[in-house]
Structures are given as C-alpha cells and as structure tokens.
Amino acid sequence: MSEATQNDLVKKVEDLPPLKTIEIEAPKKTEDGFNFEVNLVAHKEKGTGFFKSAIAKPEGSGYGAFEIKCDEGTLIGGTDLAPAPLSYLGSGVAFCFLSHVYMYEQSRKLDITSVKVEQKMRFMLASNLTDSHDEDVGHGRCYGIDFNVIVESPEPKEEIEKMIEVCTTGCIGLQTVINATPPSFKLIHNP
C-alpha cells in the first residue's frame, strides 16, 4: 500500500454507491420514536491481504458518506497501516455515547469542562486465525466491556449521574453492544 493511501484512511466521498441487495429506507418518525439506518458497503480485493475499505452513510439530510480503511495488526499477518475492525467497533460505541453527552449538555445548558471515555472490550477467539478454518474452529465472542466515563464539571454530582444514566440508555451504539442485536444474514454468491 502506498504512503498516500495510508494517509487517506478516512475521506469524505460523494455518496454511498448503489446497494444491490439492501433496500434503503428514508428516516421516519413513528409513535415509538425516530427510525433511521446507517448503510454501508465494505469491500476487500484479491491480493490485498487484510486491507479493506468501506463507504458508510447514515440516511437523512446533513450526513455525508465517508470511505474508511481498515487492516489488521502484524500479529495475524496484516500490515497495521489502518485501524483494526474491532478498533472501529469500540471507537464507534464511545463516539456515539459522547454525541449523546453533548446533546444532553446542550439541552440542559450544563457547565461541562471535559468528558472522556476509557473503554476496554474483551474478546475471545477459540482458535488462532492462522489455523485451518474447519467448521469447528474460529468461534469468537465479546465477553465484556468496561466503560468508564470521566467527567470534569462544577455541576452537582447528581446532575452528572443523571446525564450518564440518560446518555447510557439513549446511546444506540452502547445499547447495541449491551443488547447484542442479532443480524439478518444472507449470502449472495456470484450475483
């Protein structure tokens, strides 16, 4: 991979390419809340090893499409020139939570000096990735997340505790991890 590509790990692109197998739905308000989607196309080319890219875009006005690059570390044969997939997962959870903190802070007009998330996600893979990929090896799972929020603020502790409670409940990224939403999975072979 060239240095120019390595330095271009995230870039804004014109739009999400047309999806062939997933129907995009416009955001809509319902009696239960506001329904929206984040759509993406991830791609890996032959001969690129673990290096891959995705273009992702939340549906709705005001959200752009971004191409992001991803790799794996050298421990398992990657080039370590881009974040690993699980780094994006963990960062997405923390970033989503911090967006909720900002919205809460603004709506309540709170005096918040800083908010930092320190997070550890613990994973397990039941085999070495370089072993054969028989059907009985390679079982992976997340077996825990430590999610610590460090807040500097002159606001009363009770107000900050309420903010964290509301943001934890409202954070879609964190709730996705907490509630482990099962995917609808379909293979499309040689379309």
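Helices here are DSSP runs of H or I with at least four residues, strands are E runs of at least two, and both are numbered from the N terminus. I'm working on a predicted model, where local features need pLDDT of at least 70, side-chain atom pairs count only at pLDDT 80 or more, and totals for chains, interfaces and linings use all residues. I count residues from 1 along each chain as its sequence is written, and side-chain values use heavy atoms, with hydrogens and water left out.

**Helix α2**

I checked the span of α2 (residues 85–108) first.

Then I looked up which residues of α2 are buried. They are Gly90, Val93, Ala94, Phe97, His100, Val101, Tyr104 and Glu105. Buried is under 20% relative accessible area, exposed is over 50%, and partly exposed is in between (1.4 Å probe, protein chains only). These buried residues pack against β7 (114–125), β8 (140–152), α3 (157–170) and α4; contact is heavy atoms within 4.5 Å.

**Positive phi**

Most residues other than glycine have a negative phi, so I noted the exceptions. Lysine 109 follows α2 with a positive phi near 55°. I find lysine 109 in the loop between α2 and β7, and at 69% relative accessibility it counts as exposed.

Alanine 180 is not a glycine either, yet its phi is positive, about 40°. Alanine 180 belongs to the segment after α4 and is exposed, at 55% relative accessible area.

**Residue 172**

Isoleucine 172 lies in α4 (residues 172–179). I put isoleucine 172 down as partly exposed because its relative accessibility is 45%.
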